Amino acid sequence: MSTSQALQSVTRIAAEILDIDKITGTLEVGKMADVIIVQDDPLKDITVLQEKPHLVIKKGKIIAN
């Protein structure tokens, strides 16, 4: 599985399986989302999602910076 496929499997595909894809799973207007912003490309090094988060937003509020 590629890095891109792995990220989709824990976001969009997981939401589809749980039948909640109308409200979450992708970044779209009107959907709920928690967001991790990183400075490096997670498709090149997926560990940046865990080891080097630049900003974490949960329920619309910054919880880590």
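The side chains of Lys-58 and Asp-34 meet in a salt bridge, at 3.7 Å from N to O. By salt bridge I mean a side-chain nitrogen of Lys or Arg within 4 Å of a carboxyl oxygen of Asp or Glu. Lys-58 sits in strand β2 (residues 53–58) and Asp-34 in the loop between α2 and β1, so the pair ties together parts that are 24 residues apart in sequence. Helices (H or I, at least four residues) and strands (E, at least two) are DSSP runs, numbered from the N terminus. Lys-58 counts as partly exposed at 41% relative accessibility, and Asp-34 does as well, at 48%. The classes are buried for under 20% relative accessible area, exposed for over 50%, and partly exposed in between, with a 1.4 Å probe and protein chains only.

A word on the source. This is a predicted model, where local features need pLDDT of at least 70 and side-chain atom pairs count only at pLDDT 80 or more, while totals for chains, interfaces and linings use all residues. Residues are numbered from 1 along each chain as its sequence is written, and side-chain values use heavy atoms, with hydrogens and water left out.

Back to the salt bridges; the count comes to three. Within helix α2, Arg-12 and Glu-16 lie four residues apart, about one turn of the helix, and their side chains are joined at 3.0 Å, N to O. Arg-12 is partly exposed at 31%, and Glu-16 is partly exposed at 39%. Lys-31 pairs with Glu-28, with the closest N and O atoms 3.0 Å apart. Here Lys-31 has 21% relative accessibility and counts as partly exposed; Glu-28, at 46%, is partly exposed too.

Which residues are the closest to the centre of the largest pocket? The largest pocket has a volume of about 540 Å³, and of its 18 lining residues, the closest to the centre are Thr-11, Gly-25, Leu-27, Asp-34 and Val-35. Two or more lining residues come from each of α1 (3–9), α2 (12–17) and β1 (35–38). On a 1 Å grid over the protein atoms alone, a pocket is an open set of points where a 1.4 Å probe fits, with protein on both sides within 12 Å along at least five of seven lines; lining residues have an atom within 4 Å of a point. The volume is the space filled by probe spheres set on the points, which are joined across faces, edges and corners.

Last, Met-32, in the loop between α2 and β1. Met-32 counts as exposed, at 54% relative accessibility.
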